Amino acid sequence: MSDMYEAMDGDSDMYDEHGAEERTFAALPPAHGRGFAQTWWGQAWLKALEDTALELSQLKAGRRLARAGAVGAVSVRPGRITAVVVDRGVPHRSDVLLQPLGEEDWDRFLGMAVERAGHIAALLDRDMPPHLVEDAAAAGVELLPGIGDLEARCDCDAWDHCAHTAALSYQLARLLDQDPFVLLLLRGRAEGALLDELQMRSAARAEPVAAPPQEAEGVDAAEAYASALVLPPLPGPPALPAEPGLPPSLDTETPAPTGTDPAALEFLAARAAVAAHGLLAEALSDGHDRRAPRPELAMRQDSVRLAAAGPQPHIAARLARGSDRDAEGLALAVRAWEHGGAAALAVLEEEWTPDANAAARARAALDAAWDADERPVLKAARGRWTVSGADAQLRLGRDGRWWPYRKERGRWAPAGPAASDPASALATALGSGEE
């Protein structure tokens with residue numbers, strides 16, 4: 001096995017140009033009685049794995065290997081994680097690849113981060129809050145892997161994710177729980193280099209900037225177009241601002257008209273600015289013209305979207321009344337929205353009975369998720385499977401994904417994001433985060 005570890009280090013020099021180091025993490029103990037993903041970024045990593053893998057049986061076998069402690073020391077460097085996984089006494093060199101970000105992507109990410117003091121504070125505190133990742137995505141930088149981004153390689157010669165690469169991926173989710181900078185290293189930047197560059201950019205941004213030179217006075221637009229023999233080309237697309245604009249304050253000496261709530265108007269204006277910024281980022285992204293437009297939200301859905309932004313209590317109460325919900329119902333809807341937007345909200349509030357094809361696919365997924373002696377007793381009714389003797393439930397979405405639910409104070413509440421594997425979703429519902 002020592003020869004295999006030497007082979008793992010053989011190509012580490014090729015990553016020096018990124019300025020990123022290789023980190024090796026000692027083998028973790030078996031995961032008996034605990035899950036593989038407790039943090040939201042660890043769960044996002046497992047979601048990318050589940051969306052990429054074609055064989056649920058391989059994911060299940062990989063979880064079993066990782067849980068048993070079969071994964072050795074894990075090496076992480078830009079674009080690749082590597083480990084030796086022992087399966088039935090045979091060691092296998094396994095790799096999972098993820099494309100590192102390019103220099104332009106890192107420049108946009110760092111520029112976005114220094115615009116907000118909260119982002120720098122979070123990174124210095126070894127944290128990666130969801131809004132940092134969302135703002136990076138709005139700037140065109142995807143930190144978390146998406147569907148099909150994880151490429152598997154193993155000396156067992158499997159063409160897709162095998163049990164060994166799945167075990168390595170589950171083990172990495174545990175490492176991400178401990179240190180989200182592992183993801184940034186995998187994307188191409190080591191912690192020290194990243195924080196040093198953030199501090200340099202912050203210092204440079206604090207220096208006074210000379211006023212730009214005055215532009216020459218132009219001419220009337222109608223006159224310019226009327227006199228031109230050849231019209232000039234259209235201007236290029238606008239640059240994406242670093243963050244949404246701030247609406248004007250309504251805190252003036254003029255009293256508000258009767259029945260007008262200035263705080264609610266300011267909140268709506270701020271959310272409109274955030275939505276406009278997101279739409280512009282999406283419009284400027286590659287392939288925007290080939291994507292279908294997003295469906296328009298109904299009033300009940302949009303009320304939840306607004307409530308998820310954390311308005312003042314009296315504004316949240318108005319949103320609840322306007323959407324025919326009580327305070328607890330709105331809180332549950334916000335939890336669902338944070339786990340998966342409109343799709344998750346539909347799973348919370350709509351009942352549906354799967355047709356014959358959807359029901360057959362659901363049964364196949366449930367049969368493949370557990371061994372016969374491990375399968376829990378589930379009671380099925382209208383696309384929902386409740387665990388006998390436990391306050392846990394699986395709900396099947398119309399897209400075929402499984403949503404974990406847990407009973408709280410007599411009401412079924414969303415317990416986490418969706419998973420393609422019902423065993424993963426049920427483990428989240430039971431409170432372990434993973435089967």
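Select W106 and F109. Both sit in helix α4 (residues 103-114), three residues apart, which is about one turn of the helix. This is a predicted model. Both residues of the pair, W106 and F109, are buried. Searching the whole structure turns up two aromatic pairs. In the pair W106 and F109, the ring centres are 5.7 Å apart and the planes stand at 90°, so the arrangement is edge-to-face.

**Zoom out: the whole chain**

Switch to cartoon. The chain holds 16 helices and ten strands. Of its 435 residues, 42% are buried. Which share of the contacts with a separation of 6 or more comes from residues 24 or more positions apart? The share is 68%.

**Colour by confidence**

Colour the chain by pLDDT. The average is 82, and 86% of the residues score at least 70. Where pLDDT is low, predicted coordinates should not be read in detail.

**Stop at R77**

Select R77. This residue lies in strand β2. Is R77 buried or exposed? R77 counts as buried, because its relative accessibility is 1% and the cut-off for buried is under 20%. Show its side chain and look for two partners.

- The first stop is S75: a polar contact of 3.3 Å joins its side chain to that of R77.
- Then go to E22: its side chain meets that of R77 in a salt bridge, at 3.7 Å from N to O. E22 is partly exposed, at 27% relative accessible area.

**Follow the salt bridges**

How many salt bridges does a search of the whole structure find? The search finds 21.

Select R64 and D371. They form a salt bridge, with the closest N and O atoms 3.0 Å apart. R64 is in helix α3 (residues 56-67), and D371 is in the loop between α15 (356-369) and β6 (378-381). The two residues are 307 residues apart, so this pair too links distant parts of the chain. R64 is partly exposed, with a relative accessible area of 42%. D371 is also partly exposed, at 30%.

Move on to E151 and R153. Their side chains meet in a salt bridge at 3.3 Å, N to O. R153 counts as partly exposed at 41% relative accessibility. E151 counts as partly exposed as well, at 39%.

Now select four residues together: D326, E328, R409 and R411. A network of salt bridges links them. Keep R409 on screen for the next stop.

**Check the backbone**

Most residues other than glycine have a negative phi. Two loop residues in this model are worth a look on that point.

Centre on R409. Its phi is near 50°, a positive value in a residue other than glycine. R409 lies in the loop between β9 (402-408) and β10 (411-414). Is R409 buried or exposed? R409 is exposed, with a relative accessible area of 72%. It also belongs to the network with D326, E328 and R411.

Finish at D324. Where is D324 placed? D324 is in the loop between α13 (313-322) and α14 (327-349). Its phi is near 60°, again positive in a residue other than glycine. D324 counts as exposed, because its relative accessibility is 68% and exposed means over 50%.

Conventions
Residues numbered from 1 in each chain as written. Predicted model: local features only at pLDDT ≥ 70, side-chain atom pairs only at ≥ 80, totals over all residues. Heavy atoms only, no water. Helix = DSSP H or I, 4+ residues; strand = E, 2+ residues; numbered from the N terminus. Buried < 20%, exposed > 50% of the residue type's maximum accessible area, 1.4 Å probe, protein only. Contact = heavy atoms within 4.5 Å. pLDDT = per-residue confidence, 0-100. Polar contact = N/O pair within 3.5 Å; in protein donor to acceptor, adjacent residues only side chain to side chain. Phe/Tyr/Trp six-rings, centres within 6.5 Å; stacked < 30°, edge-to-face > 60°.
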